[in-house]
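Please read these points with the model open beside you.

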Amino acid sequence: MKLRKSGNQRWLLLLVLSTMVLLLVFITRRDIVSNQMHSLYMTMSSRAYDDDDDNNGVSSGEHDDAQDDDLMVHLKREEYDDLLNREKVLKASLSALEKDKNNTENEHRTLEGKIEQLQKEKDEIQRSLEEREKETTSKFEEGLAEGKKGYMKSVLEADVSLLRSILKKYKKSMDDEWEAMVSKQKKRGILVVAGEPKYMLNAFISLWPVRHYWNSSLPISVFFWGKSENVSSQTRDFFETHIGDVSFVDLSTNVQWPPHQRDLFLRNQESGRLGWVLKLAAAYFAPYQEILYLDADSSPLADPDTMFSMEEYKKTGALFWPDTPCSRPGLFDQLIDMNLIQEKDAPHVFDDETESGQWLLNRRIHREPLEYTMAMGSHSDFTFSYAFGDKDLFRAGFALAGDANKYHLIPTKLGFAWSAAAAAAVNQEDEEDDNNNQEKEGERTMRGYIQFSSHGEPLFHHRAGWKTKYEFDEHEERDLDSISSPLSCEWLRNYWPMEYPGVMSQDRLNPIQKNTCAYSIASFGKAIKKCGSEFTGKSHERVPIFNIKGSHIEGVHKAMQTAWKKALDAQQKSNNAAFSIQIPDTS
């Protein structure tokens, strides 16, 4: 039984092993068949490719290369497709970023616009505030100025009223004292106010013809304010040597001020320059009974001695010359408003203003007008604003004294001195700044005023205006070739050549030719009537001008040129000491 059982087990084990062998063979066979099928497929495919290659003339080696190329192309295409996909992704991202950027820029621009608008609104508010502040300040300043003027006006009114009461109360004693003082003085003399070297130079040039062309022996006094500009000893010596009989008067120390004028005139004038006010004080303290006053830049065109014999002066003892505006100064309206004068004492509303560069005054008979004139000068901060400086303060003094009828203003309007060479020089200077400015034939430059007698005779050349005064830095002689006839208010209003460059075009001037109308400057009044009578003063008319060649006006001008050269030579040789001032030590 044991043996049978053992035999059965062996057969069972053998059966199992056989089965496993068969299974292994089956699996192996399947793989072999599969490999064979694959090999067959590959062989058939290879033959198909070979057939194609044979048809195309491609060898087997070339076929392998083509396979490799196809594989590379395939791989490159896949890589390219991948790159395209990545590019699309990147472009989409970039587009999104651009969109965000544009949105951001739009938002930025919007914000900038809002900021700009806010800034405009801010600036507008700021301007509005500044304008309001400026307007408020302006109104305040105007109110302050008006209040100040009102205060100054009330003080002037009180001071003039006080002076009037003093002059009335002490009239006899003051008249006697004045007469006693004036009677001891020289009868006539010339008065000049100067100080700074520039004005001393012009004074010397103006006075030279008095001595060396007109041969006048009238004594001369030069007044100045020594507290600010003390004329040097070298300058005084130079005048004495070349002019002679010249005295220098320091108004700050060399005169005895009467108590009533010291209080009025010196109250606010103890220091600093007095400017135009000095002319009033010089007239009050002049060492002559009768005076011919000359601004430093005014030269006589007639013998100064004969001017005291003019009929108008002999009748009134006060002779003045007109300025350009044809309306009375506002000062007289103020005096009328203060009840200090009456309308009948004021000049007519269309009367000329006074051109105070020269005048004649008999001090012996006009003490009270001088007293009031000084009072006007003591309030120059008020009076000058209504009278353009000192010009009509003498006239106001006569009106306040009740002597308005004794103030005589020459009725002949002023004329102009002209220079063709000066116009050419101005045009040449202008060309350096503006190439469009060209010299025009016949143009002339105004070289100051010509003041006439009542009969139209030239009496003074006042070098007022643009570049009319002599300067230390000049190197060429001044030319003066003609003078105009007296002008009119209408013409002056339209063609006033005072401002730069003072050039008048030929179409406004009418040079009178001697070969068509013979004339003589020596009898200029007749020449005007004979050759310039067509000029009636209308603004569209050409002004007659007369050549001065060979006349006494040319002689005076040449004498002034001589003085100018002499002064410049002396100034150079003296190292600028011939015309100099000594600044006082105020420490």
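Which residue with a positive phi follows α13? Gly402 does, with phi near 80°. Before the points, some ground rules. The model is predicted, with local features requiring pLDDT of at least 70 and side-chain atom pairs counted only at pLDDT 80 or more, while totals for chains, interfaces and linings use all residues. Residues are numbered from 1 along each chain as its sequence is written, and side-chain values use heavy atoms, with hydrogens and water left out.

1. Overall make-up. The protein has 17 helices and 17 strands. These are DSSP runs numbered from the N terminus: helices are H or I of at least four residues, strands are E of at least two. Of the 587 residues, 45% are buried. Buried means under 20% relative accessible area, exposed over 50%, and partly exposed in between, with a 1.4 Å probe and protein chains only. Among contacts between residues at least 6 apart in sequence, 81% join residues at least 24 apart. Contact means heavy atoms within 4.5 Å.

2. Helix α13 and its cover. Helix α13 spans residues 393-400. Eight of its eight residues are buried. Arg395 is among them, as are Leu393, Phe394 and Phe398.

3. α11 against α13. Helix α11 (residues 367-378) packs on α13 at about 125°, with the axes 7 Å apart. Axes are lines fitted to C-alpha atoms, for helices over the stretch in contact, and angles run from 0 to 180 degrees between N-to-C directions. The pair is therefore oblique. Under 35 degrees counts as roughly parallel, over 145 as roughly antiparallel, 65 to 115 as roughly perpendicular, and the rest as oblique. The crossing of α11 and α13 is right-handed. In a right-handed crossing the near helix is turned clockwise from the far one by less than a right angle; anticlockwise makes it left-handed. From α11 the contact takes Pro369, Leu370, Tyr372, Thr373, Met376 and Gly377; α13 supplies Leu393, Phe394, Ala396, Gly397, Phe398 and Leu400. By class that is nine nonpolar, three polar and no charged residues. Here Ala, Val, Leu, Ile, Met, Phe, Trp, Tyr, Cys and Pro count as nonpolar, Asp, Glu, Lys and Arg as charged, and the others, Gly among them, as polar.

4. Thr383. This residue sits in helix α12 (residues 380-387). Thr383 is buried, because its relative accessibility is 0%. Beyond neighbours within four places in sequence, Thr383 contacts Leu156, Leu331, Met376 and Leu393. Met376 and Leu393 also take part in the contact between α11 and α13.

5. α4 against α17. Helix α4 (residues 197-212) packs on α17 at about 135°, with axes 8 Å apart. These two helices are therefore oblique as well. Their crossing is right-handed. Leu201, Phe204, Ile205, Trp208 and Pro209 of α4 meet a set in α17 that includes Val556, Met560, Trp564 and Lys566. The contact has 11 nonpolar, one polar and one charged residues.

6. Val210. Val210 also belongs to α4. Its relative accessible area is 0%, so Val210 is buried. Val210 touches Ile190, Asn215, Ser216, Pro300 and Pro304, not counting residues up to four places away in sequence. Pro300 is 90 residues away along the chain, yet its C-alpha atom is separated from that of Val210 by 7.2 Å.

7. The cores. A nonpolar core is a set of buried Ala, Val, Leu, Ile, Met, Phe, Trp, Tyr and Cys residues joined through side-chain atoms within 4.5 Å. The largest has 64 residues, and Ile190, Phe204, Leu207, Phe239 and Phe579 have the most contacts inside it. α17 gives the most to this core, with nine residues. Apart from it lies another core, of 56 residues, among them Val182, Leu278, Leu361 and Leu409. Leu278 belongs to α7. In helix α7 (residues 277-285), nine of nine residues are buried.

8. Two asparagines to check. Asn339 and Asn575 are not glycines, yet Asn339 has a positive phi of about 60° and Asn575 likewise has a positive phi of about 60°. Asn339 is in the loop between α10 (331-337) and β8 (354-362). Asn575 is in the loop between α17 (552-573) and β17 (581-582). Asn339 counts as exposed because its relative accessibility is 68%. Asn575 is exposed at 66%.
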